[in-house]
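This report is for a reader new to the structure.

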Amino acid sequence: MSAHALGHRHTGIRGVHSAGTTAARFVSDRFLLLPAGAILALLWANTAAESYFRFSQAASFLVNEVLMALFLGLIAQELLEALVPGGVLHTWRRWSLPVVAAVGGSLGAAVAYLGYISVKHESVLQSARPIACAIDVAAAYYVVKTIVPRSPAIPFVLLLATVTDTFGLAAMAWQSTAPPLDPAPWLLAAAVLAIAALLRRGGGTGLWTFLIVCGPPLWLAFYRGGLHPALSLVPLIPFLPRQPRPREVFEDPGHDTPVHAFEHGWNHAVQAVLFLFGLVNAGVLLNGYGTGTWALLTAALVGRPFGIAVALAAAHLCGLRLAPLLGWRHALVIALATSSGFTFALFFPTSVMPLGPILGEIK
């Protein structure tokens, strides 16, 4: 083969590789693996329901109980870096308003949800009220980033969504039947966190060491202790090495430090987990909608934005002010962006509701 032909061939290969890399970066930057998994699940469930639900039931424990710990751990890591000195949410004046907005949004969503099912006389759906508090952190972030990029609205919406989902998790745990208290799992968790503290104090320990040494026993402690094991990495996060993040929260940190290089790989691993999460949980029969479906839509599209707006207005009257460069039009964007509850709104019902038609209409 001539050198000229070889040159064209190598150029073509490089072009294909470059196009593939660009496409992969586009998908990763926009968290498109999650909706891709959800769309695939919907198509599968509505064309071959029996095989899909057999697959979903078999894979749900691995995805929802084990792998989702990576996602929740990454969210906790990103948020903590924003709150430490040097982070974009440091000082109480920066983080208090998102917390107030989270309270108002949660109350607004819960009132709208309970009001709707009360009008429809569907009291059996009351147990699903924590689901009305769910906000998709990734979706809300990217909606705000697209509309008002390089704005304080971005860390604002991340903290608002995280606090709101924490309220939902607390409500979910409150209404669940608590097993008899067994101190052994919590003694194990305390011992693991003590080891993490020693590793942190010793210095020079990589993030993988923390996750491999401390992650599995913490997961076991949460699982045996009755708390959702997907939350098991959250108490470990404060012990991990980190760098202050003065840039946009949840932005790809790149490889500027060993910590951020690890987070870069963690971010990609989490997106693969989110694809599996969408594939396992989003497959619902499209004819399965009902009162629960419309109640959650009312809570997300009406109750939560209204509650956020009222809470921010009340906080303003009490003397709290929006951050510099953050105006009321940004607050409106934030309120509407939080109407998506996809990830957590699927995560909650699989934890608090049994399989059946009611779960289907809620999902």
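Which side chains meet in a salt bridge? In this predicted model, the side chains of arginine 54 and glutamate 50 do, with a distance of 3.6 Å from N to O. This distance meets the rule for a salt bridge because the nitrogen has to lie within 4 Å of the carboxyl oxygen. The count for the structure comes to 1 salt bridge. Both arginine 54 and glutamate 50 belong to helix H3, where they are 4 residues apart, about one turn of the helix. Arginine 54 counts as exposed, at 51% relative accessibility, and glutamate 50 also counts as exposed, at 65%. Arginine 54 is classed this way because exposed means over 50% relative accessible area.

**Aromatic pairs**

The structure holds 8 aromatic pairs. One of them joins tyrosine 52 and phenylalanine 53 in an edge-to-face arrangement, with 5.2 Å centre to centre and 75° between the planes. Tyrosine 52 is buried, at 0% relative accessibility, whereas phenylalanine 53 is partly exposed, with a relative accessible area of 35%.

Phenylalanine 61 and tryptophan 219 form another edge-to-face pair, at 6.1 Å centre to centre and 90° between the planes. This pair links distant parts of the chain: phenylalanine 61 lies in helix H3 (residues 49-83) and tryptophan 219 in helix H8 (residues 207-225), 158 residues apart. Phenylalanine 61 has a relative accessible area of 39% and is partly exposed, while tryptophan 219, at 18% relative accessibility, counts as buried. Tryptophan 219 falls in that class because buried means under 20% relative accessible area.

The two pairs are set out below.

| Pair | Centre to centre | Angle between planes | Arrangement |
|---|---|---|---|
| Tyrosine 52 and phenylalanine 53 | 5.2 Å | 75° | edge-to-face |
| Phenylalanine 61 and tryptophan 219 | 6.1 Å | 90° | edge-to-face |

Both pairs are classed as edge-to-face because their planes are over 60 degrees apart. Ring pairs also link Trp44, Tyr52, Phe53 and Phe55 into a cluster.

**Packing of H2 and H3**

How do helices H2 and H3 pack? Helix H2 (residues 33-47) packs with H3 at an angle of about 130°, and their axes are 5 Å apart. The two helices are therefore oblique to each other. On the H2 side, the residues in contact are Ala41, Trp44, Ala45 and Thr47. They meet Ala49, Ser51, Tyr52, Phe53 and Phe55 in H3. Trp44, Tyr52, Phe53 and Phe55, the members of the ring cluster, are among the residues where H2 and H3 meet.

**Cysteines**

How many disulfides are there? The count comes to 0 disulfides. Cysteine 133 is buried, with a relative accessible area of 8%. Cysteine 318, by contrast, counts as exposed, at 71% relative accessibility.

**The chain as a whole**

The chain has 14 helices and 0 strands. Of its 363 residues, 45% count as buried. Among contacts between residues at least 6 apart in sequence, 80% join residues at least 24 apart. The pair of phenylalanine 61 and tryptophan 219, 158 residues apart, links distant parts of the chain in H3 and H8.

How values were computed:
Residues are numbered from 1 along each chain as its sequence is written. This is a predicted model: local features need pLDDT of at least 70, side-chain atom pairs count only at pLDDT 80 or more; totals for chains, interfaces and linings use all residues. Side-chain values use heavy atoms; hydrogens and water are left out. Rings of Phe, Tyr and Trp (its six-membered ring) pair if their centres lie within 6.5 Å; planes under 30 degrees apart count as stacked, over 60 as edge-to-face and the rest as tilted. Buried means under 20% relative accessible area, exposed over 50%, partly exposed in between (1.4 Å probe, protein chains only). A disulfide is a pair of cysteine sulfur atoms within 2.5 Å. Axes are lines fitted to C-alpha atoms, for helices over the stretch in contact, and angles run from 0 to 180 degrees between N-to-C directions. Angles under 35 degrees count as roughly parallel, over 145 as roughly antiparallel, 65 to 115 as roughly perpendicular and the rest as oblique. Contact means heavy atoms within 4.5 Å.
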